[in-house]
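Student: I would like to learn how to read interfaces and symmetry in a multi-chain model. Could we go through one example step by step?

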4 protein chains.
Amino acid sequence: MGERPAREERRGPDVERAAVPRTRRGQATRERLLAAAREVFAEVGWARARVEDVCRVAGTGHGTFYQYFPNRTALLVALVAQHAGELNALAEAPWTSGDVKSDVHRVIDGFVAVSEQDRDVRVAWAAAAADEPALAALFGEVRRQFVARVHANLAAAVADGRARADLDLEVAAAGLTAMVEHSVALDSAAEPSSRLGRTRLVSGLTDLWVAAVYR
Amino acid sequence: MGERPAREERRGPDVERAAVPRTRRGQATRERLLAAAREVFAEVGWARARVEDVCRVAGTGHGTFYQYFPNRTALLVALVAQHAGELNALAEAPWTSGDVKSDVHRVIDGFVAVSEQDRDVRVAWAAAAADEPALAALFGEVRRQFVARVHANLAAAVADGRARADLDLEVAAAGLTAMVEHSVALDSAAEPSSRLGRTRLVSGLTDLWVAAVYR
Amino acid sequence: MGERPAREERRGPDVERAAVPRTRRGQATRERLLAAAREVFAEVGWARARVEDVCRVAGTGHGTFYQYFPNRTALLVALVAQHAGELNALAEAPWTSGDVKSDVHRVIDGFVAVSEQDRDVRVAWAAAAADEPALAALFGEVRRQFVARVHANLAAAVADGRARADLDLEVAAAGLTAMVEHSVALDSAAEPSSRLGRTRLVSGLTDLWVAAVYR
Amino acid sequence: MGERPAREERRGPDVERAAVPRTRRGQATRERLLAAAREVFAEVGWARARVEDVCRVAGTGHGTFYQYFPNRTALLVALVAQHAGELNALAEAPWTSGDVKSDVHRVIDGFVAVSEQDRDVRVAWAAAAADEPALAALFGEVRRQFVARVHANLAAAVADGRARADLDLEVAAAGLTAMVEHSVALDSAAEPSSRLGRTRLVSGLTDLWVAAVYR
DNA sequence: TATGAATGAGGGTTCATTCAT
DNA sequence: CATGAATGAACCCTCATTCAT
């Protein structure tokens with residue numbers, strides 16, 4: 001295959017360039033940009049969201065952007081960071097409290113809630129992951145956390161006999177997580193008319209999840 | 001040698017520009033381009049795949065590309081069309097033959113097989129769907145077919161008592177399809193070292209699927 | 001430095017891309033581009049005038065052009081607008097003041113003056129009109145104004161007996177206007193050595209015009 | 001001004017490349033191409049007429065074109081040659097036969113007839129003249145012939161007292177020719193609804209012409 | 001003679017990023 | 001801090017012309 005000039009990843013200086021705002025005004029501007037970005041992502045998607053669009057919506061000059069973000073990608077990274085934080089919090093919170101079904105229900109519901117609330121960020125994130133290794137890595141990271149947590153839970157359930165002993169724990173953890181993640185993504189991307197909605201979705205997925213692994 | 005006269009705007013739509021090759025040689029060139037595209041997509045992904053790269057890999061001149069495809073997107077569309085055809089064939093083939101478990105296994109295995117074989121096309125397809133409505137629509141179309149088929153099967157199973165009567169059929173159909181689709185996608189995108197592999201994946205997913213819905 | 005991310009299709013129409021300069025510096029750049037365009041059109045003609053040529057002559061970067069004009073055609077449109085404005089002013093100014101001959105002379109002279117001064121724009125305009133409907137329409141518009149004005153004047157002259165009563169007013173208005181317009185165009189396009197020159201041209205055309213329609 | 005790489009004119013070999021068809025079949029193909037060219041020019045104009053379009057309309061292969069014409073321009077040249085021949089014939093035919101008015105009428109009518117019949121070729125010719133020196137020269141050539149002929153006629157008329165003695169013969173010859181030429185061009189390019197039509201045009205222009213120069 | 005395939009220079013346009021004010 | 005202007009590397013697409021069959 002013809003050699004292709006390696007497209008090298010971004011490098012160091014960028015990081016320092018992202019001056020942390022020192023004044024209240026700066027803080028506000030940065031936040032306006034983030035809010036504008038959400039809007040623009042929602043409207044045209046990550047690939048078509050131009051820095052200038054974001055600035056126009058935010059009501060700032062085009063150059064101002066680079067006072068707060070070293071580059072276009074950093075904008076999404078910032079947004080994703082918040083979202084990822086919430087997801088991680090979810091993954092780390094206690095999952096077991098009462099009966100299995102309500103536990104599963106609570107976790108799935110939490111996931112759906114966070115996902116729907118940050119829907120546009122998630123969509124942009126997923127799209128950008130196809131091209132930005134940094135975002136792809138973060139995406140994988142978050143998922144890995146969830147899968148690990150599910151895995152641990154299932155293992156415990158198997159150990160004390162609540163779950164089937166013949167489960168392939170790894171496949172089950174990955175598969176059930178994938179089911180929830182993708183179902184939510186698809187449903188929130190669907191036409192409003194054919195959307196299942198949070199309630200049914202959460203109940204239905206909980207039902208499948210429980211039936212799939214517990215005795 | 002391309003002497004250019006006064007340049008002017010484009011004419012009609014790109015449609016008829018996609019000449020169907022009329023000779024064996026043309027056919028071969030077109031195929032070389034498609035094969036090259038697969039390679040390039042695999043290497044750099046859809047968004048960064050330049051027409052020129054594809055041509056270099058295919059060993060043709062840059063202009064040759066446009067003898068066979070009206071634009072860059074059409075290349076992916078052509079590749080996707082083949083793949084979608086196989087998926088649809090799968091969705092339309094008979095699904096029930098013997099016992100439930102082996103039926104489910106066969107279908108999932110078929111899906112995984114097709115998906116892995118056209119892995120790069122699927123990845124590019126998904127990435128492009130974020131920006132190309134046509135591809136997004138096709139993506140939805142194919143999934144809808146599968147979900148509908150699953151739905152019908154579950155309904156039949158409920159009717160004759162093989163499946164649980166309290167299933168939310170729509171959520172179940174969508175959720176299980178999502179589980180398989182996403183699990184496969186993620187696994188084939190994972191580091192080779194942490195990949196579960198087709199055998200385990202198919203068995204494990206089959207197990208979950210069967211346990212989730214059948215008595 | 002233009003790092004390009006995933007490229008995608010164009011957005012909305014080019015309209016809002018034509019930023020109006022907000023600073024003196026921007027204003028100056030825009031004007032430099034317009035002046036450069038005149039030069040380039042004069043040298044190589046509309047069809048062969050490349051955006052890059054204009055930028056080189058203007059001493060700006062290639063991208064700068066698109067800060068001020070949404071596309072190559074808009075450059076000509078801007079130039080034409082100024083010129084058309086002057087022509088329309090001419091068509092709307094008072095035409096009658098003293099005796100018929102000096103009135104006609106004044107109008108023709110004004111037209112020739114404006115035409116010669118913007119010679120290159122006119123030539124480019126005419127050339128582009130063959131392919132750009134917008135410019136063709138504007139061309140027709142301006143001419144229509146003139147013809148209408150001539151028509152009205154002739155009608156008045158017929159009414160008060162200064163002009164021949166048997167005139168076909170429409171043909172006369174269109175024909176005499178065409179005579180002046182085309183004579184000027186041809187003369188300014190001719191070899192300098194065989195050019196008739198403004199003085200003779202204006203006198204001679206005035207003479208023909210007067211003799212053709214007045215008693 | 002920035003130097004610009006001289007865009008050199010075409011050169012010798014082209015001429016010999018235009019093989020004269022030796023067989024009846026070849027002759028027919030060539031004519032099909034010419035006829036197709038007229039159609040295409042009429043439909044999309046010279047600048048947008050692609051060689052391939054002409055071939056498609058003619059029903060020949062794309063490569064066939066170059067068996068009969070060395071390049072795209074030659075196609076128009078061939079068409080123009082026929083048309084120019086008719087115009088020259090007109091310019092060389094006897095112009096005086098009876099009374100002045102009917103002579104002028106006859107000549108103008110002949111010109112209009114030829115122009116309307118080859119309307120599309122004339123339009124293409126004029127458009128191409130802006131960019132192709134060869135066609136521009138031919139255009140000037142034909143006009144020069146006409147102007148010279150008009151000039152001679154006017155001179156004779158002045159000599160024998162039929163025309164005004166104070167005429168500026170050169171301006172009159174150029175101006176009246178321009179009037180007819182441009183009036184015809186504009187009228188045939190106008191919306192059918194606002195067209196004056198051959199009859200009125202010829203009568204009206206004849207009237208103006210006669211009044212303008214004859215006693 | 002006829003033809004479809006192949007070519008590649010050419011040129012328009014986009015937009016992230018840098019800079020001077 | 002804020003900003004509008006400037007930049008230029010990318011990259012897509014066109015089409016006259018050449019070539020092999």
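**Copies, interfaces and domains**

Tutor: This is a predicted model. Chain B is superposed on chain A by a rotation of 179 degrees with 0.0 Å of shift along its axis, at an RMSD of 0.2 Å. The two copies are thus related as by a two-fold rotation axis.

Student: What is the general idea behind those two values?

Tutor: Two copies of a chain are related by a rotation about an axis and a shift along it. Another pair here can be read in that way: chain C goes onto chain D by a rotation of 179 degrees with 0.0 Å of shift along its axis (RMSD 0.2 Å). For this pair, 80% of the contact residues of chain C recur in chain D, and the same surface serves both copies.

Student: Through which surface do chains B and A meet?

Tutor: The copies meet through the same surface, because 80% of the interface residues of chain B are also interface residues in chain A.

Student: How is the size of an interface expressed?

Tutor: It is often given as the accessible area lost when the parts come together. Chain B and chain A bury about 3200 Å² between them, and 58% of that area lies on carbon and sulfur atoms. In residues, 40 of chain B are in contact with 37 of chain A.

Student: How many salt bridges are there between chain B and chain A?

Tutor: The count is eight. An example is the pair B:D207 and A:R164, whose closest N and O atoms are 3.0 Å apart. Six residue pairs are in polar contact between chain B and chain A, both residues being at pLDDT 80 or more.

Student: Which helices of chain B supply the side that touches chain A?

Tutor: At least two residues each come from α1 (24-44), α2 (51-58), α8 (169-189) and α9 (198-213) of chain B. The most is given by α8(B), with twelve residues. By residue class, this side of chain B divides into 21 nonpolar, four polar and 15 charged residues.

Student: Now for the inside of one chain. What does the domain assignment of chain A give?

Tutor: It gives domain 1 (14-70) and domain 2 (74-213). Taken over C-alpha atoms, the centres of these two domains of chain A are separated by 29 Å. Twelve residues of domain 1 are in contact with twelve residues of domain 2. Between them, the two domains of chain A bury about 1100 Å², with 78% of it on carbon and sulfur atoms.

Student: Which residues of domain 1 of chain A lose the most area to domain 2?

Tutor: They are A:R38, A:F41 and A:W46, which together account for 58% of what that side buries. A:R38 also forms a salt bridge with A:D118, the closest N and O atoms being 2.3 Å apart. The count of salt bridges between domain 1 and domain 2 of chain A is one, and one residue pair is in polar contact across that interface, with both residues at pLDDT 80 or more.

Student: Where does the largest share of the domain 1 side come from?

Tutor: Helix α2 (residues 24-48) of chain A contributes that share, eight residues. The side of domain 1 that touches domain 2 in chain A divides into ten nonpolar, no polar and two charged residues.

Methods
Residues are numbered from 1 along each chain as its sequence is written. Chains are lettered from A and ligands numbered from 1 in the order in which they are written. This is a predicted model: local features need pLDDT of at least 70, side-chain atom pairs count only at pLDDT 80 or more; totals for chains, interfaces and linings use all residues. Side-chain values use heavy atoms; hydrogens and water are left out. Contact means heavy atoms within 4.5 Å. Buried area is the accessible area (1.4 Å probe) that two parts lose on being put together, summed over both. A salt bridge is a side-chain nitrogen of Lys or Arg within 4 Å of a carboxyl oxygen of Asp or Glu. A polar contact is a pair of N or O atoms within 3.5 Å; within protein, one must be able to donate a hydrogen and the other to accept it, and residues adjacent in sequence count only if both atoms are side-chain atoms. Helices (H or I, at least four residues) and strands (E, at least two) are DSSP runs, numbered from the N terminus. Ala, Val, Leu, Ile, Met, Phe, Trp, Tyr, Cys and Pro count as nonpolar, Asp, Glu, Lys and Arg as charged, and the others, Gly among them, as polar. Copies are superposed by least squares on the C-alpha atoms of residues with pLDDT of at least 70 in both. Domain bounds come from an automatic or database domain assignment.
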